[in-house]
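Thanks for coming. I will go through one structure today, chain by chain, and then stop at a few local details.

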Amino acid sequence: MSRIDLSRTGETDLDAIARISREAAVRLADCYQCGTCSAGCPMSHEMDLTPRQLIHALQLGLLHRALEARSPWVCALCQVCSVRCPQEVRIADLMLAVRHAAKRAGLRPVREPDVFDDIFVNNIRSRGRNNEALLAGFFNLKSGHLTQDVRNAPRMAARGMISPRFNQVRDRAAVRNLVDKVLRKGGGTV
Amino acid sequence: MSRIGVFVCHCGSNIAATVDVPAVVEAARQLPHVVFAEDNKYTCSDPGQQAIKDAIATHDLDRIVIASCSPRMHELTFRKMLKDTELNPYMLEIANIREQCSWVHKDKAAGTAKAIELLKMATAKADRDAPLFTTTIPVTKRALVIGGGIAGMQAALDIADAGYQVTIVEKEPSLGGKMVMLDKTFPTMDCSACICTPKMSEVGAHPNITVKSLSEVEQVTGYVGNFEVTLREKAKYIDYELCTGCGACETKCPAKVTSAFEQGLAQRRAVYRPFAQAVPPKPTIDPTNCRKITQGKCGLCEKLCPTGAIHYDDVDRVTRETYGAIVLAIGYQLIDWAAFYGEYGAGHYPDVITGLHFERLVNASGPTEGHILRPSDAREPKSVAIIKCVGSRDVAKGRSYCSRACCMYGAKHAHQYLDKVPDGRCFVFYMDVRTPGKGYDEFYMNTRRDGATYLRGRVSKIYEENGKLICLGEDTLLGEPVRVEVDLVVLETAMVPAPDAERLGSMLGVTRDKDLWLTEAHPKLRPVETNSAGVFLAGACQGPKDIPDSVAQASASAAKVCILFARDELESNAMIAVSDSALCNGCGACVAICPYQALTLEEVSLRENSQWSTRMISKVNPGLCQGCGACAVACRPGALDLRGFTDEQIVREVEALCQW
């Protein structure tokens, strides 16, 4: 195992980490590594770095570990970590901020959540409201998981959970403006 | 025929969970001389004590045996209880069936059997109990405080404020100890000088306090209430009666020496005050470096002194005084890390310094006027590694214990460094962060927010490369080895007992623990008393402590001294050695073994075998004897015996154990 030189962490890394913590409104030093976040995380089994390890990497200035990690993309943003953190660190917000930073750096360690997000936002932008059938269809096409959830479709349609009808809001232009405004600012956090 | 009453305690479930108490009571009823036996939920409680008193009256008991906790816990409680009855307080035996039985066993059947055996021994011994009586000894209401650091000063001030005379003995030229070397104190960041130097001047000016600087305790004899103490006040070569402290002598002295106060980071003269705010505020001459004293040449300071206070022929002054109580406040020293840590450079790298060095570097009146400059090239370090637990929690090279204050002053050093060098990087290597104190954890978390990078792990090696110090460690949270390159390394080294602890401890009969700290009489209930009556502990000489704890303990020991002085006479120990002049052959083995100097050989005229003869026999001083029993064991003719633990009683106990 190669030795990490912590004093060689570049200034730009520290700047990028400062931006992440600013966007998430998280003070990284607040985390004392108790691991409550990882302990409660329902997705931790899918993660390469647990939430605690991800924060620790950022604390040490190891930006690329964080950006290359699958964890922020696997994160369901369920907020269990943020709610239980004894130091009031908003870990879920940090996960999202790391996703944004990774995207800025052209990285996307897990593709599906990003594909999903883009379709979802586009859905909202064009119709003012999400349509589950469209979302699922486009997701399957774009992600390449062509048959995912297909077997469930008849049952879901029968119970009215999905519908081919487009539910649209009255003032679609207003919602579009709203979404564009947010997108111009490079997305936002919860 | 004695009439013994036996009382077996449940101690809630402490005893009852492992010992079948009713079975023990039943067994007690079968023992010889036992006329009454019963159990009680909590014997030491008020109803428990009343039950014993009632039984004594109803059953006409002449001695009692209590099977309960250790006699160290409640023997005094029960003796006090017996004072309200017809019985002499010493007609009492305690069978320790808690600490020595229920707490150390799990098997109830075996525990019950053992409890019964312990009880058999105690009743056999009780059968031979005899009434014992105390005498009174007068109290000299004057206290000696050894050590003039913050603990010694606080103890002296409290005792003096209560109206008693105090002498404070300090081996250095000035009061202040370690605290006055510190820059700021956690967690409030009060400047140490602003809270320590006023205490020093208060001590110096107090009408009830005599300060003896550059002095040592040479000998202590006597006992509580009347310690005879020999003090050696080393030659200062300056008459403090005449000296005004003007400082003229210090200006021209040509001899320059490394300053111990400044941790070797600055120089001082041979005639010097260790620091500007020293108390007494007068200089001394260091005879090993003074040119006049060593070579007979110079004499500049004598010429400069406007009052003629300098005497190169000054000698040590030895005085002998009586004190009623002694407070040991001799503090600590830092471990000699360089001797043990070759992997940290063994002291060869000038920029690997200790926390105390750092205190001087960051202090406004220190050698760098508060600018953090590294010793090798006087440049400001752009990165610092702070390494905690150097010598602490290290069984192989240092000590097994945690030194308690390092986590906090380590955080303080990181905070101070980042405050003075805002663009600097600071790495703190730690194993755990221990911050038990008011506002302590908040202080530590703030230091992290200041930007200190905390790395969980010990440093394995420090070496130099291209003018930088490389620290190799593992971040155990990351689970990977790490390396940092820094300009300065600060080692937060372990506190170890002061060099005088051994000498003073054995002189005063104060025991020391496995790490050689002076030990208190009971770790929880008697934290400032020692096993030597009249000798108390204050501050870090009892174990690593920070300033608030040292001050609290100092005030506690002062309260104990005042309790002693509030009485005109003391009750002496009743359980002391007695010498049988008919058996003593005057060999003197007891005199040699007695740790309290309580035994002496005296010439007596005796009529033996119808003839008068004059010979030496041993005599016990009842005021000095602490009843340890060492003499009784050492005495070959069996002339010495210990009241309350006579040879006969002990033989009875052994017989009781062997008979069944």
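Along its sequence, chain A reads β-α-α-α-α-α-α-α-α-α-α-α. In total that is eleven helices and one strand. Please keep in mind that this is a predicted model. Taken along the principal axes, the C-alpha atoms of chain A fill a box of roughly 60 × 35 × 30 Å.

How is chain A divided into domains? Domain 1 covers 9-104 and domain 2 covers 111-184. The centres of these two domains of chain A, taken over C-alpha atoms, are separated by 28 Å.

Now to a helix pair in chain A. Helix α8 of chain A, residues 111-127, packs against helix α9 of chain A, residues 132-143, at an angle of about 140°, and their axes are 10 Å apart. That angle makes α8(A) oblique to α9(A). The crossing of α8(A) past α9(A) is right-handed. On the α8(A) side, the contact is made by A:Arg111, A:Glu112, A:Val115, A:Phe116, A:Ile119, A:Phe120, A:Asn123 and A:Arg127. From α9(A) come A:Leu134, A:Leu135, A:Phe138, A:Phe139, A:Lys142 and A:Ser143. Sorted by class, the contact of α8(A) with α9(A) has eight nonpolar, two polar and four charged residues.

Eight residues from domain 2 of chain B and six residues from domain 5 of chain B take part in their contact.

I have two helix pairs to show in chain B. One is helix α1 of chain B, residues 21-29, with helix α4 of chain B, residues 108-126; their axes come within 10 Å and cross at roughly 35°. α1(B) passes α4(B) in a right-handed crossing. B:Ala23, B:Val24, B:Ala27 and B:Ala28 of α1(B) meet B:Thr112, B:Ala115, B:Ile116 and B:Leu119 of α4(B). By class, this contact of α1(B) with α4(B) has seven nonpolar, one polar and no charged residues.

The other pair is helix α5 of chain B, residues 150-161, and helix α15 of chain B, residues 547-565. Here the axes come within 8 Å and cross at roughly 35°. α5(B) passes α15(B) in a right-handed crossing. α5(B) brings B:Ile150, B:Ala151, B:Gln154, B:Ala155, B:Asp158 and B:Ile159 to the contact. Among the residues on the α15(B) side are B:Ile547, B:Ser550, B:Val551 and B:Ala554. The class count for the contact of α5(B) with α15(B) is ten nonpolar, four polar and one charged.

Last, some backbone details in chain B. Most residues other than glycine have a negative phi, and most peptide bonds are trans. Which peptide bond ending at B:Pro187 is cis? The one from B:Phe186, with omega near -10°. B:Pro187 is placed in the loop between β8 (184-185) and β9 (190-191) of chain B. A cis peptide bond also joins B:Val279 and B:Pro280, with omega about 0°. B:Pro280 is found in the loop between β15 (271-272) and β16 (284-285) of chain B.

Then there is B:Asp60, which is not a glycine but has a positive phi of about 55°. To find B:Asp60, go to the loop between α2 (46-59) and β3 (63-68) of chain B.

Notes. Residues numbered from 1 in each chain as written. Chains lettered and ligands numbered in written order. Predicted model: local features only at pLDDT ≥ 70, side-chain atom pairs only at ≥ 80, totals over all residues. Heavy atoms only, no water. Axes fitted to C-alpha atoms, helices over the stretch in contact; angles between N-to-C directions. Helix = DSSP H or I, 4+ residues; strand = E, 2+ residues; numbered from the N terminus. Parallel < 35°, antiparallel > 145°, perpendicular 65-115°, else oblique. Left-handed = near helix turned anticlockwise from the far one by under 90°. Contact = heavy atoms within 4.5 Å. Nonpolar A, V, L, I, M, F, W, Y, C, P; charged D, E, K, R; others polar. Domains from an automatic or database assignment.
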